[in-house]
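I opened this model to look up its fold, its surface and its aromatic contacts. My entries follow in the order of the look-ups.

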Amino acid sequence: MEKKLKSWQGWLLFGGSMVVVFVLGLCVSALMERRAELESVFNNELHPKS
């Protein structure tokens, strides 16, 4: 009982996995940017320039 994917199912699986990886990358990028932004805000509060 060999289960084979049809051609369009394989492409659908590939496209879906690409979308999932892209969305995960966006989420990680947003989190890293938010962390860097918060660190710079805290550093500016601790060491004001004036």
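The notes below go from the whole chain to single residues.

I am working on a predicted model, where local features need pLDDT of at least 70, side-chain atom pairs count only at pLDDT 80 or more, and totals for chains, interfaces and linings use all residues. Residues are numbered from 1 along each chain as its sequence is written, and side-chain values use heavy atoms, with hydrogens and water left out.

Fold. I found one helix and zero strands in the protein chain; helices (H or I, at least four residues) and strands (E, at least two) are DSSP runs, numbered from the N terminus.

Surface. I got about 5300 Å² of accessible surface for the protein chain, 68% of it on carbon and sulfur atoms (Shrake-Rupley method, 1.4 Å probe). Of its 50 residues, 0% count as buried (under 20% relative accessible area; exposed is over 50%, partly exposed in between).

Patch. V19, F22, V23 and L26 make a nonpolar surface patch of about 390 Å² (residues with over 30% relative accessible area and no salt bridge, nonpolar side chains joined within 5 Å; a salt bridge is a side-chain nitrogen of Lys or Arg within 4 Å of a carboxyl oxygen of Asp or Glu). I located F22 in helix 1, residues 7-46. F22 counts as exposed because its relative accessibility is 55%.

Aromatics. I counted one aromatic pair (ring centres within 6.5 Å, Trp by its six-membered ring; planes under 30 degrees apart are stacked, over 60 edge-to-face, the rest tilted). W11 and F14 form this edge-to-face pair, at 5.9 Å centre to centre and 85° between the planes. W11 and F14 are three residues apart in helix 1, so about one helical turn separates them. W11 is exposed at 60% relative accessible area, while F14 is partly exposed at 46%.

How values were computed
Patches are made of residues with over 30% relative accessible area and no salt bridge: like charges are joined within 9 Å, nonpolar side chains (Val, Leu, Ile, Met, Phe, Trp, Tyr) within 5 Å. Buried means under 20% relative accessible area, exposed over 50%, partly exposed in between (1.4 Å probe, protein chains only).
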